[in-house]
Number of protein chains: 2
Amino acid sequence: MALHEGLLTDLYEFAMARTYRVEGMAERAVFELFVRAQPGRNFLVAAGLEQALDYLERLRFDESDLAFLRRQTFGTPDFIDWLRSFRFEGDVDALPEGTVLFPNEPVLRVSAPLPQAQLVETRLLNLVHFQTLIASKAVRCVLAARGRALIDYGLRRAHGAEAGVLAARASWIAGFAGTATVEAGRAFGLPLYGTMAHAFVQAHGDETAAFLAFARANPGNAILLIDTYDTVAAARKVVAVARTLAAEGIALRAVRIDSGDLDALARAVRSVLDEGGLRETRIIASGGLDEDSIDALVRAGSPLDAFGVGSALACASDHPVLDCAYKLQSYAGGARRKRSTGKATWPGIKQVFRRAADDRYAGDTVALADEPIDGKPLLVPVMRAGHRVAPPESLDAIRARLRSEVDALPTALTQLAIAPPYPVEISPAIRALAAQLDAASR
Amino acid sequence: MALHEGLLTDLYEFAMARTYRVEGMAERAVFELFVRAQPGRNFLVAAGLEQALDYLERLRFDESDLAFLRRQTFGTPDFIDWLRSFRFEGDVDALPEGTVLFPNEPVLRVSAPLPQAQLVETRLLNLVHFQTLIASKAVRCVLAARGRALIDYGLRRAHGAEAGVLAARASWIAGFAGTATVEAGRAFGLPLYGTMAHAFVQAHGDETAAFLAFARANPGNAILLIDTYDTVAAARKVVAVARTLAAEGIALRAVRIDSGDLDALARAVRSVLDEGGLRETRIIASGGLDEDSIDALVRAGSPLDAFGVGSALACASDHPVLDCAYKLQSYAGGARRKRSTGKATWPGIKQVFRRAADDRYAGDTVALADEPIDGKPLLVPVMRAGHRVAPPESLDAIRARLRSEVDALPTALTQLAIAPPYPVEISPAIRALAAQLDAASR
């Protein structure tokens with residue numbers, strides 16, 4: 001589907017932007033994007049910034065967009081003219097992708113004339129939410145796999161096309177070895193992996209014929225799916241097939257098991273392969289895997305070399321939503337605060353300061369940006385006046401950052417079990433500002 | 001993000017398609033797409049067919065796709081040439097969108113030369129899975145709302161752009177009144193709804209000033225968000241604002257409450273509005289709603305007129321994945337069966353027959369397509385030789401179909417609580433065929 005990115009927003013963003021324009025409210029507004037909670041996670045991983053910046057740089061309204069918007073009640077001629085010449089001219093500070101973050105810490109801060117900063121809310125949330133969600137799930141799979149390779153198999157059950165492609169990117173950042181999604185290979189240069197489907201075996205009827213044909217046609221990537229009928233019987237056929245293929249100079253790279261008791265089958269298959277002289281042939285598991293089942297297989301010492309992860313990864317199926325928000329914290333130089341029940345925000349333009357002790361992260365403080373606070377400031381300038389301050393980061397650099405971030409986390413947070421929360425303090429100055437705003441409004 | 005739709009597939013589809021080509025395996029293959037289970041649902045709703053057919057009609061590989069594929073190991077010159085002239089030439093039979101379905105019933109059946117039918121697997125699953133998932137969730141919200149209006153607020157936390165837009169479409173099919181997602185309004189002609197965000201109130205500081213400005217700038221759509229600071233106090237300001245606006249000929253359409261105890265606040269706000277003479281001003285609720293919370297509010301008699309539903313809808317957050325599959329059932333005229341543990345398929349080319357008694361659906365039989373079985377056959381021809389047999393159905397027709405489908409369901413299935421399963425039988429002929437295939441393979 002070809003989508004009009006300028007219209008990927010909620011209707012109210014246009015209604016508000018036009019109203020601000022009518023009122024002449026174009027002073028500088030500062031919005032912060034943050035996550036309120038992290039159920040089922042010990043930490044989150046910032047991701048999606050690259051797509052967010054790309055969106056801000058490219059956001060335009062073409063004549064077909066404008067023709068549609070003109071038919072809406074807010075589509076007055078002066079507002080349509082404003083949209084026609086729209087360019088995002090704001091500043092953005094953000095956590096670099098691959099940075100570990102916690103609830104209430106801004107991931108992204110937008111400072112721009114109010115109508116501009118408002119208009120981009122929905123798509124910024126949409127882009128940053130999804131990859132942060134998936135990277136935060138994927139890193140748990142990586143921790144569970146303890147060095148074994150992980151491959152993203154999620155496209156078929158990802159929520160649409162963009163989710164499939166961006167899940168591949170986010171899982172690569174988290175340490176996956178690659179993806180099956182071809183478009184993610186093209187768009188991001190990710191390593192592509194693939195085996196065969198059950199249909200391939202079924203179409204041949206005879207497994208031996210299917211295995212021989214696939215290996216001969218794909219000699220560099222001979223990975224055979226062995227659970228279509230009887231997994232252990234198929235492993236024996238693999239041994240026979242390997243003898244035939246060896247004479248042709250073709251080695252079997254791996255077999256894949258997609259169903260049944262993966263631990264028991266992997267052990268049985270490993271024995272059959274080893275006895276058949278196929279000690280170098282790897283075993284890949286797939287089929288409804290998530291970090292918990294991967295952890296159990298690894299702890300059991302199951303002889304599995306790689307895992308394909310689908311729905312659990314691409315849909316973050318245990319917790320498919322992060323409660324995130326994009327909130328106004330300052331307008332025309334004055335701090336702003338929302339006090340809605342259960343959803344109050346901390347006011348002011350903020351920074352996150354992270355302290356370390358003995359090479360481990362020891363605690364964060366969310367403070368006003370200009371407050372003198374111990375620790376490394378995490379939000380860095382990424383866009384000024386609508387232009388990036390640096391070229392896009394490489395995915396390798398982002399992936400390396402996350403690896404060192406995880407190494408610096410308190411050990412308990414790198415376990416799958418939910419640990420006591422990492423300490424995140426709200427600075428005294430922010431608390432004082434909130435109290436002052438509340439008092440002034442009474 | 002501009003995606004290359006031809007590459008929205010798993011790598012192995014290309015590897016298999018090329019291998020079939022090398023082997024000369026281009027006989028007719030029949031694949032069926034079905035769902036294995038429906039946790040948390042009493043029935044599912046078929047959706048996404050329109051996008052699936054559109055994909056099949058438009059699928060091409062352009063030179064930039066081919067340049068990328070050429071660099072893969074399977075990218076041999078003859079295969080690249082085949083892809084260059086690729087046109088999907090198969091037949092498709094499917095459940096019309098808006099049809100109620102149950103596990104193991106084919107949603108879609110593809111009959112095409114094997115390499116073609118294989119190549120389209122991943123994207124067909126991706127498209128049909130997502131909208132079926134969302135429509136099946138959305139219809140539960142509609143049942144819970146018992147005639148009150150529902151609006152899709154899901155884009156910001158939907159999994160990417162396409163998910164946001166297609167969730168709007170699927171929820172409209174299920175009976176939602178409309179969506180906040182502008183691009184869904186453009187792409188599908190859906191009614192668009194919008195109010196204001198907390199940022200709008202915060203930017204003004206003073207609620208009364210914000211309410212007056214918004215109503216004056218949007219006189220036909222004056223919906224005011226009243227929970228930024230103190231909801232009941234804001235309702236009193238609304239009454240005062242309404243008096244000012246009445247003199248200008250502007251009526252307040254509604255107020256929205258997005259946090260707190262929605263039932264208690266709605267009652268308090270209703271009283272304030274009624275006492276202030278605003279009996280026609282509606283109250284809209286939003287903020288983490290799903291079918292259960294909507295049901296509770298409606299049962300409590302809460303004076304709410306409409307509900308905005310976000311993440312629970314657009315991510316189907318309680319069950320964000322349907323266990324669906326696209327499996328080979330027949331090749332070159334011979335039935336095929338997968339026997340993997342826990343994932344065995346029923347072989348043969350199938351049809352779903354639905355029986356009714358006293359204007360209610362009484363039970364389905366999944367049978368061979370040519371078996372004489374009581375009931376209405378549900379899969380209908382939608383594509384022949386790569387061309388649609390009819391123009392796209394209107395969304396209104398699809399929505400009306402689902403409404404009459406739900407009216408025909410046994411009452412217990414239209415409740416939110418999980419009822420005993422609707423009876424779906426596998427025909428004796430299919431069971432005999434499966435036994436025969438199993439025996440032949442021993």
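In chain A of this predicted model, strand 6 (residues 149-152) is joined to strand 7 by two bridges, and the two strands run parallel. Strands are DSSP runs of E with at least two residues, helices are runs of H or I with at least four, and both are numbered from the N terminus. Two strands are taken as paired if DSSP finds at least two bridges between them. Within this pair, A:Ile151 lies opposite A:Gly178 of strand 7. Residue numbers start from 1 along each chain as its sequence is written, and chains are lettered from A and ligands numbered from 1 in the order in which they are written. As the model is predicted, local features need pLDDT of at least 70 and side-chain atom pairs count only at pLDDT 80 or more, whereas totals for chains, interfaces and linings use all residues.

Inside the order of chain B, strand 9 (residues 254-257) and strand 10 (residues 282-285) run parallel and are joined by four bridges. B:Ala254 is placed opposite B:Arg282 of strand 10 in chain B.

Antiparallel pairing was found elsewhere in the chains. In chain A, three bridges link strand 3 (residues 91-94) to strand 17 (residues 380-384) in the antiparallel sense, with A:Ala94 opposite A:Val380 of strand 17. Strand 17 of chain A is also joined, by two bridges and antiparallel, to strand 18 (residues 387-388). A:Arg384 has A:His387 of strand 18 as its bridge partner. Strands 17 and 18 of chain A form a hairpin with two residues between them, and A:Ala385 in the turn has a positive phi of about 50°.

In chain B, strand 3 (residues 91-94) and strand 17 (residues 380-384) pair antiparallel over three bridges, and B:Val380 of strand 17 is the bridge partner of B:Ala94. Two bridges connect strand 17 of chain B with strand 18 (residues 387-388), again in an antiparallel run. The bridge partner of B:Arg384 in strand 18 of chain B is B:His387. The hairpin of strands 17 and 18 in chain B has two residues between the strands, and B:Ala385 in its turn has a positive phi of about 50°.

Chain B is superposed on chain A by a rotation of 180° with 0.0 Å of shift along the axis (RMSD 0.0 Å). This is the relation of a two-fold axis. The superposition is by least squares on the C-alpha atoms of residues with pLDDT of at least 70 in both copies. The same surface serves both copies, as 100% of the contact residues of chain B recur in chain A.

Between the chains, 85 residues of chain B are in contact with 87 residues of chain A, where contact requires C-beta atoms, placed from the backbone, to lie within 7 Å. On the side of chain B that touches chain A, helix 1 (residues 11-23) of chain B gives the most, with eight residues. That side of chain B comprises 41 nonpolar, 29 polar and 15 charged residues. Ala, Val, Leu, Ile, Met, Phe, Trp, Tyr, Cys and Pro count as nonpolar, Asp, Glu, Lys and Arg as charged, and the others, Gly among them, as polar.

Helix 1 of chain B packs against helix 10 (residues 207-217) of chain A at an angle of about 105°, with the axes 9 Å apart. Helix 10 of chain A is therefore roughly perpendicular to helix 1 of chain B. Axes are lines fitted to C-alpha atoms, for helices over the stretch in contact, and angles run from 0 to 180 degrees between N-to-C directions. Angles under 35 degrees count as roughly parallel, over 145 as roughly antiparallel, 65 to 115 as roughly perpendicular and the rest as oblique. The contact involves A:Ala213, A:Phe214 and A:Ala217 of helix 10 of chain A, and B:Arg18, B:Thr19, B:Val22 and B:Glu23 of helix 1 of chain B.

Technical notes: Contact = placed C-beta atoms within 7 Å.
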